[in-house]
Amino acid sequence: MTKFMFAVSLAVALMAGSVSLSAQKQQQIFVSLTTADGKPVEGLQAGDVSITEDDVNCKLVKVEAIDWPTKVQVLVDNGKSNTAPINPLRDGLKALFESMPEGTEMSLYVTAGTPRAVVKPTTDKQKLIDGIALIAPDGGAGMFFDALSEAAERVAKDKVPGFPVILMVGSDLGQVRVLDQPYLKLQQTIIDKGITTHVTVTTGSGGTTSGQAQTEIGLTVTKLSGGRYEGISAASRLSTLLPEIGKKIAASAVKQRHQYRITYERPDKPSVQPRIGATVKKEGIVEMSLRGNLP
């Protein structure tokens, strides 16, 4: 029998301050327990788990096995930066969709001009692959921030449990002006809903200072969510980069499908930025998170 202690700080920095765990009486955490070769360990019971918050032993309310799907939104800037030539983008998207585990919900959007759906949420890989051909080059600039914000809002409105992922295939073409309030709202939604966000930015589009905003936003949202940021200098890189990100998303999707949601009672006077510890009295590799969105 192996005991494993995992502690994590819950302070999450934002651009204009920080967020912290609110003063609710109960708190939920997610625990993944797997064997060395990645297989889920079944049958975790309340007696196998103990939780501390700031070194105070907490009363467990319940331990639930969950099997939630991963839901992936792919946002594609179909302006000239990513579509000249267009074949690397199409090849990369095809390989990305093919790499997803069966049952993964995916959707495809374009962002140049006005963000709009190409393929609405579906678990049908072939429908997504067929939709790639509908992505046509657009002379307008990709609506980088607007598309990210709209994707986050779709997650916020979704009432069906899942692990949300946003992949932005962006570029530095076009000016981005973002007010503080919408920017903070985007970041807060990413944190609250556990949205893993990956961003690619194709640079060198001929803009002057435009790309700085896309890069800064991309770095911020990926850092907040544990996602990947990648700046590239040519669209040709998309044929190999998108499958790489796809494999990362797929590996997380498999791991996230088999977790335990643990609800416990918080201490009487919880701190603003507590540390949570979990001891699991079963053999295996333990990972813990607040939202279940494991890397």
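Leaving aside its neighbours within four places in sequence, which residues is V74 in contact with? The legends below concern a predicted model, and the first one gives the answer.

**View 1. Surroundings of V74 in the predicted model.** Beyond the neighbours within four places in sequence, V74 is in contact with L93, L96, F97, S107, L108, Y109, L167 and V169.

**View 2. The largest nonpolar core, with 28 residues.** V74, L89, L93 and F97 are the members with the most contacts inside this core. Two or more residues come from each of the strands β8 (70-76), β9 (105-110) and β11 (163-171), and likewise from each of the helices α2, α3 (125-132) and α7. Helix α7 gives the most, with 6 residues.

**View 3. A core of 22 residues, apart from the largest one.** Its members include A151, I195, V201 and I217.

**View 4. The crossing of helices α2 and α7.** Helix α2 spans residues 87-99 and helix α7 spans residues 238-256. Their axes come within 7 Å and cross at roughly 15°. Because angles under 35 degrees count as roughly parallel, α2 is described as roughly parallel to α7. The crossing of these two helices is right-handed.

**View 5. Residues at the contact of α2 with α7.** From α2, the residues P88, L89, D91, G92, L93, A95, L96 and S99 take part. They meet L238, S239, L242, P243, G246, K247 and A250 of α7. Sorted by class, this contact comprises 9 nonpolar, 4 polar and 2 charged residues. L89 and L93, which belong to the α2 side of the contact, are also among the residues with the most contacts inside the largest nonpolar core.

Notes:
Residues numbered from 1 in each chain as written. Predicted model: local features only at pLDDT ≥ 70, side-chain atom pairs only at ≥ 80, totals over all residues. Heavy atoms only, no water. Axes fitted to C-alpha atoms, helices over the stretch in contact; angles between N-to-C directions. Helix = DSSP H or I, 4+ residues; strand = E, 2+ residues; numbered from the N terminus. Parallel < 35°, antiparallel > 145°, perpendicular 65-115°, else oblique. Left-handed = near helix turned anticlockwise from the far one by under 90°. Contact = heavy atoms within 4.5 Å. Nonpolar A, V, L, I, M, F, W, Y, C, P; charged D, E, K, R; others polar. Core = buried A, V, L, I, M, F, W, Y, C linked by side-chain atoms within 4.5 Å. Buried < 20%, exposed > 50% of the residue type's maximum accessible area, 1.4 Å probe, protein only.
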